[in-house]
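Here is a short briefing to read alongside the model. Please keep the viewer open as you go through the points.

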Amino acid sequence: MPNCPVELMKTLHLNKGRESSLLRRHPWVFSGAIERVSGNPGSGETVRVVDAGGKLLGLAAYSPSSQIRARMWTFGTEQAIDSGFFHDRLQMAVARRQSMLNDPQRTGCRVVYGESDDLPGLIVDRYGDFLVCQFLFAGVEKWKAEIVEHLRELVPCKGIYERSEAAVRAREGLEPAQGLLWGELPPELVEINEQGRLYVLSIAHGHKTGFYLDQYDNRERVRQLSQGRSVLNCFCYTGGFGIAALQGGASHVENIDSSGPSLELAQENFRRNGFTPSQFTLTNANVFEILREFKQAQRHFDLIVLDPPKFAETKAQFKRAARAYKDVALQAAALLGPGGLLVTFSCSGAIDLPLFQKITADAVLDAGRQGQIQYYLHQAADHPVGLPFPESLYLKGLVCRLD
Ligand code: SAH
């Protein structure tokens, strides 16, 4: 290949038969699929990926210290991986969400969702005038400056901030990274509008990039189901579901979380939305314990939201996680009267929907109750699932009506 840039001659040679997932456009190349690496590519560098017979499968970014040794940029073509390539991919991601980004009632929105937007390892969320990015893979890390440059142009904003998750980056051999990438530093609290609900969040200190944007559709669902109901919002964080419930006409919302700073922000959020202290309570407690106390005290609710943190980070932890999901659902079921709604979630990728449904069914049964599933819930449309990449479906929820 006399005209090929030296960089592109660095090549991953796959073992025989290991090309099949790439032919289906799954973007990951695991270390075990690689027979040899030629040309000594560096971290994040573009490499050719070829099958055992030397046939080109596509171009990828190399990550020498990760189990996922490479992530595909392109399939089957020799299209250059350059600044223009990132411009086009980012433009596509923005175009897919144009109606959401133009909605003045939705000023918090994910703009780029990694592999689902053909940009492995890149997350970009918009909160009002600010963008927050996560660079979670050596490939996007290498192109950070170009990505920031294009984002400025494609999504008008005042500043771009980085909140790359330390643990994920460590697996990639990357240092933790947080701070301003371009423009103005966001203020400590940024406000978003979500269908009339106002939420403040901390870009520098909040969970994830600041807020649970993935629950947007489900907050809308809870709003629709809340009219006249007493609501218990467990693992409330900054009040996301609680405010949606009051907006939908809930008679009262009791919110539980074990994080003081999250509850302080929740307090501010209820205040901003004009709700009075008679409409809600905020309690700093362990959900597992307080549900038992409520049972002893014979408390009852009409709708209970369970949105716990990720109990299983890996497949290995899934048994312990399954027990935790079951315990919390069992305790909650006991507090619901006839016709009560249990809205229960799992964001653990290691627990799939059939398993989560079984855990919930067992919990309701063990609570001595019967019920039906009224709605299956998932992550919002700005967190789409790439068809070749089912791993990106991580958020599962059920609305169960108990008899
Ligand atoms: N429902 C929220 C997101 C929940 S994130 C939203 O839609 O915005 C999970 C929350 O659970 C975090 O705020 C964390 O502080 C809290 N948490 C974790 N373990 C807990 C426990 N055992 N008891 C109470 N809260 C807990």
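Let us begin with Arg126: beyond its neighbours within four places in sequence, it is in contact with Leu101, Arg106, Thr107, Gly108, Cys109, Val111, Leu131 and Val155, where contact means heavy atoms within 4.5 Å. This is a predicted model, in which local features need pLDDT of at least 70 and side-chain atom pairs count only at pLDDT 80 or more, while totals for chains, interfaces and linings use all residues. Residues are numbered from 1 along each chain as its sequence is written, and side-chain values use heavy atoms, with hydrogens and water left out.

**Arg126 and its setting**

- Arg126 sits in strand E8, residues 122-127; strands (E, at least two residues) and helices (H or I, at least four) are DSSP runs numbered from the N terminus.
- Arg126 is buried but has no salt bridge, and Asp129, the nearest side chain of opposite charge, is 7.0 Å away.
- Buried means under 20% relative accessible area, exposed means over 50%, and partly exposed lies in between, using a 1.4 Å probe and protein chains only.
- A salt bridge here is a side-chain nitrogen of Lys or Arg within 4 Å of a carboxyl oxygen of Asp or Glu.
- For charge, Lys and Arg count as positive and Asp and Glu as negative, while His and the chain ends are not counted.
- The Arg126 side chain does reach the backbone oxygen of Leu101, at 3.0 Å.

**The five-stranded sheet**

- An open sheet of mixed pairing is formed by five strands in the order E7-E8-E9-E10-E11; two strands pair if DSSP finds at least two bridges between them.
- At the edges are E7 and strand E11 (177-183), each of which pairs on one side only.
- On average, neighbouring strands of this sheet are turned by 20° against each other, direction ignored; axes are lines fitted to C-alpha atoms, for helices over the stretch in contact, and angles run from 0 to 180 degrees between N-to-C directions.
- Helix H5 (residues 144-154) packs on the sheet and touches E8, strand E9 (130-135), E10 and E11, with its direction at about 155° to that of E9.
- Five bridges join E7 and E8 in the antiparallel sense, and Arg110 has Asp125 of E8 as its bridge partner.
- Strand E7 (residues 108-113) is mostly covered, as six of its six residues are buried.
- Strand E10 (residues 159-164) pairs with E11 in the antiparallel sense over six bridges, and Tyr161 stands opposite Leu180 in E11.

**Salt bridges**

- How many salt bridges does the rule give? The count comes to 28.
- Arg71 and Glu115 form one through their side chains, at 3.0 Å from N to O.
- That pair links distant parts of the chain, with Arg71 in strand E6 (residues 68-75) and Glu115 in the loop between E7 and E8, 44 residues apart.
- Arg71 counts as buried because its relative accessibility is 10%, and Glu115 counts as buried because its value is 13%.
- Asp403 counts as partly exposed because its relative accessibility is 40%, and Arg401 counts as partly exposed at 29%.
- Salt bridges that share partners join Glu194, Arg197, Arg219, Glu220 and Arg223 into one network.

**Positive phi in two loops**

- Tyr237 is not a glycine, yet it has a positive phi of about 50°.
- Tyr237 is in the loop between strand E14 (230-234) and helix H8 (240-247), and it is buried, with a relative accessible area of 9%.
- Gln298, not a glycine either, has a positive phi of about 55°.
- Gln298 is placed in the loop between helix H10 (287-296) and strand E17 (301-306).
- Is Gln298 buried or exposed? Gln298 counts as exposed because its relative accessibility is 63%.

Definitions and conventions:
A polar contact is a pair of N or O atoms within 3.5 Å; within protein, one must be able to donate a hydrogen and the other to accept it, and residues adjacent in sequence count only if both atoms are side-chain atoms.
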